[in-house]
Amino acid sequence: MTRIVILGGGYSSVWCYRAIRRWMGSSARITVVAPFQEHVFHGFTGEVLEGGLKPEMLVSPLDEVIPRAERVRGWATAVDAEHRTVTVEWQGETRVVEYDELVVATGAQDRIDHLPGLAEHGWSLRSPGRVEALLEHLQWIDRQVPEDADDARRATTVVVVGAGFAGTEVAAALGRRYGDARRIVLISGSRTVVPVWQDKRSLQDGLQRNLRAAGVELLLDTRVVAVDERGVELGDGSRIEAATVVSSLGSTVPVIPGLERFQEADGLLAVDECLRVTDGVWSAGDVAAVRRGGDRVPKEALWAIRAGTTVGRNIARRSRRVEARRFGFRGLGTVAAFAPGRAVAMLWGVPLPQALGWFVRGVLFLWYMPSRRTALSIVRWTIGRRLPVAVPVVTGPIPRPALVGLAGGRSRAAVLREQGVPGRPAADRAAAAPAEQVRRAAGA
């Protein structure tokens, strides 16, 4: 029996597991290492922030989507490619898992550490529990009584940092949620929103037209240099006072202990055309430097799904002593959705009408949602036939920024003091960052 260990519980991991089960059946013993007990589907985050869907509708329990895998909860803190072992830590306990084939699909982390104050005072949406945390924060602010006009302006201002696909959708969703009741500011360091479409005039016009319709204020070619509990500081020395700052600056990959020699300059694992890192080690998804025609492929869910499937099939082929196949996916397209019936989309290089783009996006997202039960709950909720199917989810406490910036709020230092944790100077926190990255390297 082939022992296969998969690190991570995201898109690549789930579809890799499915491919292995399909092509190897009971001849494979699959172990999945992940710190969370659920898979989070990010495609409908905008709909959740707007209020059209409930947060639990994005969540699929791993017990349901990888039912026949042995699950090990924890962070992979070391990989020994020579002896084929993975060290896993969870809540102070350590265990060693042996493998014949290892799949590194740990994904990436929100890119927040490089911008001063963003980790402490910003809100990210990538990990389980983050969307719910932001919604709780917004609801908490809604209940506060401003001290004065300045406090009221700060309370009703939301800044979204980063104007890629995710940031654009998040800003538009918050604009639809609050209408004229809040100021939503979308900041892009580029001269456009969605920089990958910067040379496509018609798509840029559609993006900005929909953002304006949602009441979003655009600041293009603008750099945020710092975030604090009262808002953001811009590169020109000006400030935007805001009680809520949402990070959408993309992702970063941490150090993977034991595999450092295979990482490229930015931390991504170098893989060959078959997605192999080295003998017995494969990689897919955000953590892998997958290339087609010399260029890296997009860090998007569908690419991660197809890469995970390719790895699973290649492991099955290896078990039959058949040559592995190259990763051959060419992509379908990209889309940014703004409201029911309104999306800016491109399919196979062809721009789609807004309504058609929105419909195609919805169909594809529901099709690739790992849990059919979760997808069905979204359909039932959307068409209004009945309440959504209950999805049991157990989520542990997720660290998040303190609720700050308004009368009655608490600073992060105050929260730490209440918990008996002494505050650390910024220099100490910076020195501790690499160790934290190592601890969180795998299994995310």
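Two strands count as paired here if DSSP finds at least two bridges between them. Helices (H or I, at least four residues) and strands (E, at least two) are DSSP runs, numbered from the N terminus. This is a predicted model, where local features need pLDDT of at least 70, side-chain atom pairs count only at pLDDT 80 or more, and totals for chains, interfaces and linings use all residues. Residues are numbered from 1 along each chain as its sequence is written, and side-chain values use heavy atoms, with hydrogens and water left out.

**View 1. A hairpin made by strand 14 and strand 15.** Two residues sit between the pair. Strand 14 (residues 224–228) and strand 15 (residues 231–234) run antiparallel, joined by four bridges. One to look for: D228 has G231 in strand 15 as its bridge partner.

**View 2. H137 in helix 5 (residues 130–142).** H137 counts as buried because its relative accessibility is 1%, buried being under 20% relative accessible area, exposed over 50% and partly exposed in between (1.4 Å probe, protein chains only). Its side chain makes a polar contact of 2.9 Å with the side chain of T244. That term means a pair of N or O atoms within 3.5 Å; within protein, one must be able to donate a hydrogen and the other to accept it, and residues adjacent in sequence count only if both atoms are side-chain atoms.

**View 3. V363 in helix 10 (residues 354–368).** At 42% relative accessibility, V363 is classed as partly exposed.
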